[in-house]
Amino acid sequence: MPYTAVKAAGVFDTPAPMSQSTLTPVGRMLHISGQTPQAEDGSTVAVGDITGQTEKALSNIEALVEAAGGSLADVCRIVVYITDRTDLPAVMQVRKRMLPEPYPATTAIVAGGLGNREWLVEIEATAVLGDQK
C-alpha cells in the first residue's frame, strides 16, 4: 500500500471507515471517474437496493484498479454520491467490508439525483499505485 493515514491533534477521528487524510510519498496516480451500479452491458444492477448498488460500484473500481496493476488497498480517496441520506449507513457497511484499512480519505455527498433515476449511488476514486517497473 503506497500511502499512510495521517491524523492530527484537534481533528475529530471518526469511527466511520475512512481516513481524514492520506499521504502518498511516491507512485502513479489513477483517477477513476464516478462508478455507478452498471453491469458491463450498461444495465443497472440491484435496482432499489443500496447495498447491491454500492457493491457493484466498488467492484467496478476494483476492476479498474486491478487493470492498472493495483488493488483496492491502493485506493486512497473516494467520493460517494448518494440520493438518500438514510442510505449512508448501508454504504458505510459495504465500504467497511470491501475496503481494507487504513480506509481511504472519504467525502460523502447527498445529491438531488444522479445520471439515471435507478442509480442510488455513484463513487469516484483515486488510487496511488507503486512506481512503474
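In which sense do β3 and strand β6 pair, and over how many bridges? They pair in the antiparallel sense, over six bridges. The model shown in these views is predicted.

**View 1. The sheet and its strand order.** Four strands form an open sheet. Their order is β3-β6-β4-β5, and the pairing is mixed. β3 (28-35) and β5 (105-110) are the edge strands. Each of these two pairs on one side only. On average, neighbouring strands of this sheet are turned by 10 degrees against each other, direction ignored.

**View 2. β3 against β6.** β6 spans residues 121-129. The antiparallel pairing of β3 with β6 can be followed residue by residue. M29 stands opposite V128 in β6. L30 stands opposite A127 in β6. In a regular strand, side chains alternate between the two faces of the sheet. β6 is mostly covered, with eight of its nine residues buried.

**View 3. β4 against β6.** β4 and β6 run antiparallel and are joined by seven bridges. V75 stands opposite A127 in β6. A127 is also the residue that L30 stands opposite. Further along, R77 stands opposite T126 in β6. Six of the eight residues of β4 are buried, so β4 is largely enclosed by the rest of the structure. Buried here means under 20% relative accessible area.

**View 4. β4 against β5.** Here the strands run parallel. Six bridges join β4 to β5. V80 stands opposite A108 in β5. β5 is an edge strand.

**View 5. Helices on the sheet.** Helix α1 (residues 50-67) lies across β3, β4 (75-82) and β6. α1 runs at about 25 degrees to β6. Helix α2 (residues 88-98) packs on the sheet as well. α2 touches β4 and β5. The direction of α2 makes about 155 degrees with that of β4.

**View 6. The largest pocket.** This pocket has a volume of about 170 Å³. Its lining is made up of 14 residues. Closest to the pocket centre are A5, K7, D13, M18 and S19. By class, the lining divides into eight nonpolar, three polar and three charged residues.

**View 7. A cis peptide bond at P102.** The peptide bond from E101 to P102 is cis. Its omega is near -5 degrees. P102 is found in the loop between α2 and β5.

**View 8. A positive phi at A46.** A46 lies in the loop between β3 and α1. Its phi is near 50 degrees, a positive value in a residue other than glycine. Is A46 buried, partly exposed or exposed? At 29% relative accessibility, A46 counts as partly exposed. The range for that class lies between the buried limit of under 20% and the exposed limit of over 50%.

Technical notes
Residues are numbered from 1 along each chain as its sequence is written. This is a predicted model: local features need pLDDT of at least 70, side-chain atom pairs count only at pLDDT 80 or more; totals for chains, interfaces and linings use all residues. Side-chain values use heavy atoms; hydrogens and water are left out. Two strands pair if DSSP finds at least two bridges between them. Axes are lines fitted to C-alpha atoms, for helices over the stretch in contact, and angles run from 0 to 180 degrees between N-to-C directions. Contact means heavy atoms within 4.5 Å. On a 1 Å grid over the protein atoms alone, a cavity is a set of points where a 1.4 Å probe fits but cannot get out, and a pocket is an open set with protein on both sides within 12 Å along at least five of seven lines; lining residues have an atom within 4 Å of a point. Grid points are joined across faces, edges and corners, and a volume is the space filled by probe spheres set on the points. Ala, Val, Leu, Ile, Met, Phe, Trp, Tyr, Cys and Pro count as nonpolar, Asp, Glu, Lys and Arg as charged, and the others, Gly among them, as polar. Buried means under 20% relative accessible area, exposed over 50%, partly exposed in between (1.4 Å probe, protein chains only).
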